[in-house]
Amino acid sequence: MNMKAPSVAVDARKYWAEVMPPDHLVQIYQEDEAFLTALEAYVAVGLAAGEGVVLIATPVHLDALEERLQQRGIDVHAAIHARNYFALDAEETLSHFYVDGQPDEEHFGLLLTEVLRQAGLGRRPVRAFGEMVGILCARGEEDTMLRLEHLWHRLCWERSFVLFCAYSRNVFTHDASRVIRAVCECHSRVVA
């Protein structure tokens with residue numbers, strides 16, 4: 001019997017459709033292309049399922065994602081207008097709860113809980129993506145980054161949403177193996 005192998009796109013849709021709250025996933029990538037492909041599938045599956053999608057990323061990645069979604073036929077502006085799609089600048093968002101060189105748990109909780117509440121209006125499921133941890137790692141603030149990962153993880157459980165984090169392999173410079181291991185231990189799944 002000659003069976004055709006499923007395409008990567010089908011596998012990606014299936015994978016991202018099966019994530020469930022409070023999954024906290026991480027991808028450590030070499031090339032932006034692989035990361036953006038994963039993020040595109042993650043977001044597209046969420047929007048197709050009627051979920052609220054929260055993105056906290058660099059402007060470069062937000063722009064690239066929006067372009068990819070538009071090419072896929074997803075009207076990002078309509079999703080924003082419908083309050084299904086929330087795109088926030090990672091540096092700016094980080095500045096709202098970063099106090100004395102550390103993420104302030106209270107400010108973090110207040111800010112992110114409000115964004116997640118808006119995304120989950122009507123009791124719809126929410127999936128979020130965060131790149132703030134990658135920014136902290138790139139700055140060499142490894143302890144601070146791990147603290148933020150733990151705050152996110154706790155919030156996933158408290159608010160019951162899916163969270164996807166991503167790190168460029170290039171940001172791990174000092175004792176990379178140890179830090180990567182610590183990052184992976186903060187998550188429930190590692191995305192290939």
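Most peptide bonds, by contrast, are trans, and most residues other than glycine have a negative phi.

The model is a predicted one, in which local features need pLDDT of at least 70 and side-chain atom pairs count only at pLDDT 80 or more, whereas totals for chains, interfaces and linings use all residues. Residues are numbered from 1 along each chain as its sequence is written, and side-chain values use heavy atoms, with hydrogens and water left out.

## Residues with positive phi

D100 has a phi near 50 degrees, a positive value in a residue other than glycine. D100 belongs to the loop between strand 4 (98-99) and strand 5 (102-103). With a relative accessibility of 77%, D100 counts as exposed; the term exposed applies over 50% relative accessible area, buried under 20%, and partly exposed in between (1.4 Å probe, protein chains only).

R123 also has a positive phi, near 65 degrees. Its place is the loop between helix 6 (105-119) and strand 6 (126-130), and R123 is exposed at 80% relative accessibility.

## Salt bridges

Side chains of opposite charge can pair when their charged atoms come close. A salt bridge is defined here as a side-chain nitrogen of Lys or Arg within 4 Å of a carboxyl oxygen of Asp or Glu, and the count by this rule is 11. A network of salt bridges links E33, E40, R68 and R72.

A further salt bridge connects the side chains of E91 and R139 (2.6 Å, N to O). E91 is in helix 5 (residues 90-97) and R139 in the loop between helix 7 (132-138) and helix 8 (142-159), so the pair ties together parts 48 residues apart in sequence. E91 is partly exposed at 40% relative accessibility, and R139 is partly exposed at 38%.

## Helix 5

The buried residues of helix 5 are A90, T93, L94 and F97. They cover an arc of only 100 degrees around the axis, and therefore lie on the same side of helix 5; the arc is that of the directions from the helix axis to the C-beta atoms.

## The largest pocket

The largest pocket has a volume of about 200 Å³, a volume being the space filled by probe spheres set on grid points joined across faces, edges and corners. A pocket is an open set of points on a 1 Å grid over the protein atoms alone, where a 1.4 Å probe fits, with protein on both sides within 12 Å along at least five of seven lines; lining residues have an atom within 4 Å of a point. Among the 11 lining residues, A12, W16, A38, V191 and A192 are the closest to the centre of the largest pocket. Helix 1 (8-18) and helix 2 are the elements that give two or more residues to this lining.

Definitions and conventions: Helices (H or I, at least four residues) and strands (E, at least two) are DSSP runs, numbered from the N terminus.
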